[in-house]
Amino acid sequence: LMENSHDTRVKRAPRSLLLKVALSLTAFVGLCVLIDALFFANEASLMREGGGLELSAAILFAATAVVFIVIVPRVHWVELAQIPILMLLFAMRELDLDKAFTSSGILSLRFYSGDSSLTAKIIGGAFVGLTLWAMARVVLRGVGPFLRGLRSGEVWAYMIAIAVFLTFSTKMIDGLGRKLAPLGIEVSATVEEWAFIYEEIGESFIAVFVILALVDRWKRRAA
């Protein structure tokens, strides 16, 4: 989350710029889906693993780190390093790189209790530790400025709120039927399909709202 500076000399990005960025990023997601539908899907679901929608999410997460480097002043890079790091980790997770080189994935306890090599366990543990560090830093350093931003009506704070909501809601409904089955709740195929659609689309737009927050917080209004 971004530090909420009270320096009145910093002018927020005009709403027209935010609208243009939002439309451009949405158009990019749509273009990825269209290209996938025309050339790669072969009548398979556009929401499938490795499809255009999932790829667009990974690209946008990585692009968020680039936007951070471009528009955030260098003096703030160290204190806000958790933002690009977390976005790059999300991009890697979206591409399933956490499972690409192991049988169970570095997020699984079986990976560390199994017969994987010590080197693999160390590397996997390092990535997990980096993720936990970035998330803890976001909470410890970001909640205060975020709440102050909401109270003062800062646009970037509302963009972050939407991104956080999408992050948690998409994770909660991931495998909805499987999660509710132990509770004796049966989910219809239609509900599970719509939940999956929401999950895939929502994940693509998490990065969109983070980019909008960065632009609103750091982009000065043209003189």
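The largest pocket in this structure holds about 1,200 Å³ of space. Its lining is made by 39 residues, and those closest to the pocket centre are Leu86, Leu89, Phe90, Thr131 and Met135. Keep in mind, as you look around, that this is a predicted model.

The biggest share belongs to α6, which gives 12 residues to the lining of the largest pocket. Sorted by class, the lining of the largest pocket has 30 nonpolar, four polar and five charged residues.

Now turn to the second largest pocket, with about 210 Å³ of space. Its lining includes Glu49, Glu54, Arg93, Glu94, Asp96 and Lys99. Lys171, Asp174, Phe196, Glu199, Glu200 and Glu203 also line the second largest pocket. Here α3 and α9 each supply at least two lining residues, and α9 gives the most, with four residues. How many residues in this lining are charged? The lining of the second largest pocket has 11 charged residues, one nonpolar residue and no polar ones.

Two packed helices are described by the angle between their axes and the distance between the axes.

Take helix α1 (residues 15-40) and helix α2 (residues 52-71): their axes cross at roughly 140° and come within 8 Å. The crossing of α1 with α2 is right-handed. On the α1 side, the contact is made by Leu25, Phe28, Val29, Cys32, Val33 and Asp36, while α2 brings Gly52, Leu53, Ser56, Ile59 and Leu60. By class, the residues of this contact are eight nonpolar, two polar and one charged.

The second pair is α6 and α7, whose axes lie 7 Å apart at an angle of about 115°. In this pair, α6 passes α7 in a left-handed crossing. Pro145, Phe146, Gly149 and Leu150 of α6 meet Trp156, Ala157, Tyr158, Ile160 and Ala161 of α7. The contact of α6 with α7 has eight nonpolar residues, one polar residue and no charged ones.

**A loop worth a look**

Most residues other than glycine have a negative phi, and most peptide bonds are trans. With that in mind, find the loop between α1 and α2, where Asn42 lies. Asn42 is not a glycine, yet its phi is positive, at about 50°. Glu43 lies in the loop between α1 and α2 as well, and Glu43 has a positive phi of about 70° although it is not a glycine.

Finally, look at Val70, which lies in helix α2. Val70 also counts as exposed, at 65% relative accessibility. How far apart are Val70 and Lys219 in space? Although 149 residues separate them in sequence, Val70 and Lys219 are 10.0 Å apart, C-alpha to C-alpha.

Note on methods
Residues are numbered from 1 along each chain as its sequence is written. This is a predicted model: local features need pLDDT of at least 70, side-chain atom pairs count only at pLDDT 80 or more; totals for chains, interfaces and linings use all residues. Side-chain values use heavy atoms; hydrogens and water are left out. On a 1 Å grid over the protein atoms alone, a cavity is a set of points where a 1.4 Å probe fits but cannot get out, and a pocket is an open set with protein on both sides within 12 Å along at least five of seven lines; lining residues have an atom within 4 Å of a point. Grid points are joined across faces, edges and corners, and a volume is the space filled by probe spheres set on the points. Ala, Val, Leu, Ile, Met, Phe, Trp, Tyr, Cys and Pro count as nonpolar, Asp, Glu, Lys and Arg as charged, and the others, Gly among them, as polar. Axes are lines fitted to C-alpha atoms, for helices over the stretch in contact, and angles run from 0 to 180 degrees between N-to-C directions. A crossing is left-handed if the near helix is turned anticlockwise from the far one by less than a right angle, and right-handed if clockwise. Contact means heavy atoms within 4.5 Å. Buried means under 20% relative accessible area, exposed over 50%, partly exposed in between (1.4 Å probe, protein chains only).
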